[in-house]
Amino acid sequence: MNGILPIIPPKANRKVPEPPDYRRYRDRNRVERMFNKLKQSRRIATRYDKIALSFESSLNLPSVRLWIKSYVNRT
């Protein structure tokens, strides 16, 4: 496979299935879900900010909102 490690599990009908690394698959899935949640913020999805520093700064607010949700009402 050209030296590329498979991360996504193969389809059930594949003749020679490659064994995936499920830990890397879980990590990749987690990162993709985080980006999808960040893109729910319209400012991030459309990238209104033209300067890189301003865009990176605008990432902070949705990131903090996601981070705080995981700690609120936890006992």
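Biologist: Which residues gather in a patch of positive charge on the surface?

Modeller: The patch of positive charge consists of Arg23, Arg24, Arg26, Arg30, Arg33, Lys37, Arg65 and Lys69. The model is a predicted one, in which local features need pLDDT of at least 70 and side-chain atom pairs count only at pLDDT 80 or more, while totals for chains, interfaces and linings use all residues. Residues are numbered from 1 along each chain as its sequence is written, and side-chain values use heavy atoms, with hydrogens and water left out.

Biologist: What makes a group of residues a patch?

Modeller: Patch residues have over 30% relative accessible area and no salt bridge; like charges are joined within 9 Å, and nonpolar side chains (Val, Leu, Ile, Met, Phe, Trp, Tyr) within 5 Å. Lys and Arg count as positive, Asp and Glu as negative, and His and the chain ends are not counted. The charge is placed at NZ of Lys, CZ of Arg, CG of Asp or CD of Glu.

Biologist: Which residues form the nonpolar patch on the surface?

Modeller: Val64, Trp67, Ile68, Tyr71 and Val72 form that patch, and together they have about 510 Å² of accessible area. Such areas come from the Shrake-Rupley method with a 1.4 Å probe, and for residues only the protein chains shown count as cover.

Biologist: Why is Val72 called partly exposed?

Modeller: Buried means under 20% relative accessible area, exposed means over 50%, and partly exposed lies in between (1.4 Å probe, protein chains only). Val72 has a relative accessible area of 44%, so Val72 is partly exposed. Val72 lies in the segment after helix 3.

Biologist: Why is Ser58 called buried?

Modeller: Ser58 has a relative accessible area of 13% and is therefore buried. This residue lies in helix 3. Ser58 touches Arg43, Ile44 and Asp49, not counting residues up to four places away in sequence; contact means heavy atoms within 4.5 Å.

Biologist: What is the class of Leu66, and which residues does Leu66 contact beyond its neighbours within four places in sequence?

Modeller: At 26% relative accessibility, Leu66 counts as partly exposed. Leu66 is in contact with Lys37 and Leu38, leaving aside those neighbours. The C-alpha atoms of Leu66 and Lys37 are separated by 8.1 Å, and the two residues are 29 residues apart along the chain.

Biologist: How many salt bridges does a search of the whole structure find?

Modeller: The search finds one salt bridge. Glu32 forms a salt bridge with Arg28, with the closest N and O atoms 3.2 Å apart. The term requires a side-chain nitrogen of Lys or Arg within 4 Å of a carboxyl oxygen of Asp or Glu.

Biologist: Why are Glu32 and Arg28 separated by about one helical turn?

Modeller: The separation is about one helical turn because Glu32 and Arg28 are four residues apart in helix 1. Glu32 is partly exposed at 38% relative accessibility, and Arg28 is partly exposed with a relative accessible area of 34%.

Terms used. Helix = DSSP H or I, 4+ residues; strand = E, 2+ residues; numbered from the N terminus.
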